[in-house]
Amino acid sequence: MKLTASAQFVLDKLNQSNYKAYIVGGTVRDFLLNKHNTDIDVTTNALPDQVKDVFKGYKIFDTGIKHGTVSLLINGELIEITTFRKDEKYLDNRHPSIVQFVSTLKKDLLRRDFTINAMAYNIRIYDYYGGREDLANKIIRAVGDANERFREDALRILRALRFSSVLGFTIEEKTKQAMFGNKSLLKNISHERIREEFDKILLGQNAEEVLLNYEKIFEEIIPEFALMYGFEQHNEHHIYDVYTHCVKAVASSKKDLIIRLALMFHDIGKPNVFSLDEQGRGHFYNHAVESKKIARDILNRLKYDNNTKKQVLTLIEHHDVVLNAEEKCVKRWLNRLGEDLFDKLIEVQRGDNFAQHPKHRDRQIKLDQIVTLKNKIIEEKNCFSLKQLAINGRDLIALGMKGRAVGQALNKILNLVLNGEIENDKTKIIEYIKSNKKCYH
Ligand code: ATP
Ligand code: MG
């Protein structure tokens with residue numbers, strides 16, 4: 001195993017002071033998987049104050065001193081150094097009531113969640129719980145008694161799903177049963193910790209399987225999902241129930257959190273607005289607005305940041321607008337959303353379409369054409385927003401306009417430019433205004 005220079009330096013420095021020190025946990029797991037991991041964790045028998053003595057003069061911070069963790073910044077790398085510990089009694093299923101420092105590596109590894117995360121390295125690998133074998137067989141298995149482990153910290157239930165999604169691993173049977181058996185304990189876990197894991201699950205390579213096979217667990221963290229489970233759509237666009245459709249849309253889309261969150265919730269309002277017509281066809285009038293409303297509650301509860309919320313909710317609201325491969329239409333939506341969100345809307349529509357009846361797949365070609373058109377508009381620096389208009393408010397004031405009339409006139413002119421009715425040219429626009437004075441004062 002080849003360590004980074006900083007990681008090797010930290011081990012050497014602690015060893016030279018006669019302390020034991022190992023790279024541990026996710027760092028070892030990712031090394032063995034040949035995956036890049038910038039997050040370096042070290043475990044040592046030195047107590048936090050002793051670690052601070054060893055690294056006197058270096059950039060060292062008390063990040064979690066009561067849990068025995070200090071962080072060291074070396075060559076731009078952040079290395080977390082934690083004293084061997086054992087967690088005692090989890091009264092609330094999430095925080096150990098006492099952290100005891102222990103003397104052996106083996107005990108430290110025993111408190112970790114899964115065998116693949118319970119290995120250490122210094123010169124050789126220390127693997128007391130079968131982590132290497134599970135890694136080779138792509139298995140997620142709790143260290144020791146699975147029920148106990150999830151009772152101690154229910155977040156581990158979501159961490160298991162996250163590793164399964166990200167690494168494409170299978171969850172071992174007893175571990176799986178214990179996850180279902182203890183799922184109600186997730187109510188004790190903070191929304192922030194839940195969100196972090198949920199995001200990683202959504203972005204994993206195996207997201208589809210995890211989201212479909214662990215519905216009952218997801219219902220604990222997002223009860224609104226229950227509405228969608230098994231809800232048949234009764235129309236020719238669809239071959240899946242609402243939940244499966246959303247999951248398939250997520251899995252077929254780009255690995256981008258905003259896009260995937262939008263797809264996960266884009267149809268969540270459908271069951272609430274469902275109606276059947278006389279021919280037995282299902283309709284979901286206004287479902288985008290209803291989905292947005294429900295998604296807003298979920299995103300607020302899980303404490304997503306404002307920027308994420310705003311983007312996701314806008315995408316949900318517009319997920320089913322009709323986009324045509326026409327310059328006018330593309331410019332209008334570029335103006336409304338900006339380029340970045342417009343690109344995401346295209347990806348949302350792609351994902352949505354991939355998860356519908358395959359006979360509608362030709363919509364993808366339309367979306368390709370829209371992207372080509374958009375690229376052309378951007379490349380040619382065509383005007384699609386007020387910012388790009390060849391005149392601005394000051395020009396209009398110079399023409400004698402005042403107050404609200406200025407803003408209204410700018411918007412009217414932008415509309416004319418978007419429709420191709422006048423060219424985006426300062427002289428021509430001014431001429432136009434002068435000859436249509438009545439409309440502009
Ligand atoms: P990543 O860094 O990719 O999120 P990780 O497994 O490294 O994954 P960290 O949160 O960095 O996760 O934790 C480092 C190590 O600490 C883990 O590999 C595991 O050994 C241990 N660990 C983390 N969280 C828990 C937990 N909730 N219960 C038990 N052990 C944990
Ligand atoms: Mg880590």
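Trainee: Which backbone atom of Asp-113 lies 3.2 Å from a nitrogen atom of ligand 1, and what kind of contact is that?

Mentor: A backbone N or O atom of Asp-113 is at that distance from the ligand 1 nitrogen. A polar contact is a pair of N or O atoms within 3.5 Å; within protein, one must be able to donate a hydrogen and the other to accept it, and residues adjacent in sequence count only if both atoms are side-chain atoms. Note that this is a predicted model, where local features need pLDDT of at least 70 and side-chain atom pairs count only at pLDDT 80 or more, while totals for chains, interfaces and linings use all residues. Residues are numbered from 1 along each chain as written, chains are lettered from A and ligands numbered from 1 in written order, and side-chain values use heavy atoms, without hydrogens and water.

Trainee: Which side chains reach an oxygen atom of ligand 1?

Mentor: Among them are Asp-39, with a polar side-chain atom 3.0 Å from an oxygen atom of the ligand, and Lys-200, with one at 3.3 Å.

Trainee: How many residues surround ligand 1?

Mentor: 15, the closest being Gly-26, Arg-29, Asn-117, Asp-153 and Arg-156. Near means a heavy atom within 4 Å.

Trainee: Switching topic: how is the chain divided?

Mentor: Into domain 1 (1-137), domain 2 (145-221), domain 3 (242-382) and domain 4 (388-440). The bounds come from an automatic or database domain assignment.

Trainee: What area is buried between domain 2 and domain 3?

Mentor: About 1600 Å², with 67% from carbon and sulfur atoms. That is accessible area (1.4 Å probe) lost on putting the two parts together, summed over both. The centres of these domains, over C-alpha atoms, are 27 Å apart.

Trainee: How many salt bridges cross that interface?

Mentor: One. Glu-208 and Lys-248 form a salt bridge through their side chains, at 2.9 Å from N to O. The rule wants a side-chain nitrogen of Lys or Arg within 4 Å of a carboxyl oxygen of Asp or Glu. Six residue pairs, both at pLDDT 80 or more, are in polar contact between domain 2 and domain 3.

Trainee: And the total of salt bridges?

Mentor: The count is 29. One of the salt bridges joins Glu-290 and Lys-293, whose closest N and O atoms are 3.5 Å apart.

Trainee: Why are those two about one helical turn apart?

Mentor: Because Glu-290 and Lys-293 are three residues apart in helix H15 (residues 287-301). Helices are DSSP runs (H or I, at least four residues), numbered from the N terminus.
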